[in-house]
Amino acid sequence: MSILGTAVVIGLIGLVCGVLLAYIAGRFSVKEDPRVEEAIAVLPGANCGGCGFAGCASYAKAVITGDAPVDRCSAGGAAVVDKLSKLTGRSGSASEPKAAVVMCGGDNNAAKQKSVYNGITDCGAANIVSGGPKACIYGCLGLGTCARACPKNAIRLEGGIASVDPALCIGCGQCVSVCPRGLIRLVPRSHRIHVLCSSPEKGAAVRKVCSKGCIGCGLCVKAEGGVSMTMSGAIARIEYDKAPVANPEAVAGKCPSKCLVNLDLSDRGERA
């Protein structure tokens, strides 16, 4: 067979295959609900995964198909819930806005060092291998795993400890899931004071490793009246499911170790 004949045969085979594939694609195609694109446009586009899906597009599709509720986007807040409710005809209620807080105040000035860590710059690795450089085994490792996980760059490292900027935090919870010591919590933005210590040890043991740790004196709980604060063993706790502490400045001022701090989380994170 000549070169021209071979080319014609190959061309015919390609044409037949193309027509066949086009027929199969049209015959078995699944038309996507046009509302999916509308839902994607409504969402903030953070792709943070806080809703439990891989990204905003996946969540939008699940909302339209009825496989996900309309109120799971923490980054979008009430505005997104309202728009998705109108789009789907299903009701939902936005949860109270939250922001991440690192429950540790043991920076390099307050926390004593037990060693120099020269391993992988990852909190999980340091926690497993040596427990990190700090003497407190409950404190922030300060290697920035949470900062790298944050989709909005809301976490920075300052003096060997992670700190969250509430103006940038969208409350997705990615930092919470990667902290090997469980030091980061999503808390209601309406609360103003927080106990920046997670050590359950008694006061004497805490003092040996950190000057800003909770010593369990209970002065803050007494000043607050035990309404929204309690003692959990040797550490003071904020009851975040209750009303915010009524007099945050006065209560925080009672803490001798200054681990009870007044943080304004009211500035809601950006949406895009």
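Which backbone oxygen lies 2.8 Å from a polar atom of the side chain of Lys 134? It is the backbone oxygen of Gly 106.

Before you start, note that this is a predicted model: local features need pLDDT of at least 70, side-chain atom pairs count only at pLDDT 80 or more, and totals for chains, interfaces and linings use all residues. Residues are numbered from 1 along each chain as its sequence is written, and side-chain values use heavy atoms, without hydrogens and water.

**Stop 1: Lys 134**

Select Lys 134. It sits in the loop between helix H5 (123–129) and helix H6 (145–149). Helices (H or I, at least four residues) and strands (E, at least two) are DSSP runs, numbered from the N terminus. Lys 134 counts as buried because its relative accessibility is 5%. Buried means under 20% relative accessible area, exposed over 50%, partly exposed in between (1.4 Å probe, protein chains only).

Now show its contacts (heavy atoms within 4.5 Å). Not counting residues up to four places away in sequence, Lys 134 touches several residues, including Ala 111, Gln 113 and Ile 161. The side chain of Lys 134 also reaches the backbone oxygen of Cys 140 at 2.8 Å.

**Stop 2: strand S1**

Select residues 98–102, strand S1. Four of its five residues are buried, so S1 is largely enclosed by the rest of the structure. Two strands pair if DSSP finds at least two bridges between them. Zoom in on Ala 100; its bridge partner in S4 is Leu 186.

**Stop 3: the largest pocket**

The largest pocket has a volume of about 380 Å³. Of its 22 lining residues, the closest to its centre are Val 102, Ala 162, Ser 163, Leu 196 and Leu 263. On a 1 Å grid over the protein atoms alone, a pocket is an open set of points where a 1.4 Å probe fits, with protein on both sides within 12 Å along at least five of seven lines; lining residues have an atom within 4 Å of a point. S1 and strand S3 (162–164) each supply at least two lining residues. The lining divides into 13 nonpolar, two polar and seven charged residues.

**Stop 4: Ser 228**

Finish at Ser 228, in the loop between helix H9 (219–224) and strand S6 (229–232). Is Ser 228 buried or exposed? It counts as buried, at 2% relative accessibility. Its side chain reaches the backbone oxygen of Ala 243 at 2.5 Å. Now select Ser 211: the C-alpha atoms of Ser 228 and Ser 211 are separated by 25 Å.

Note on methods
A polar contact is a pair of N or O atoms within 3.5 Å; within protein, one must be able to donate a hydrogen and the other to accept it, and residues adjacent in sequence count only if both atoms are side-chain atoms. Grid points are joined across faces, edges and corners, and a volume is the space filled by probe spheres set on the points. Ala, Val, Leu, Ile, Met, Phe, Trp, Tyr, Cys and Pro count as nonpolar, Asp, Glu, Lys and Arg as charged, and the others, Gly among them, as polar.
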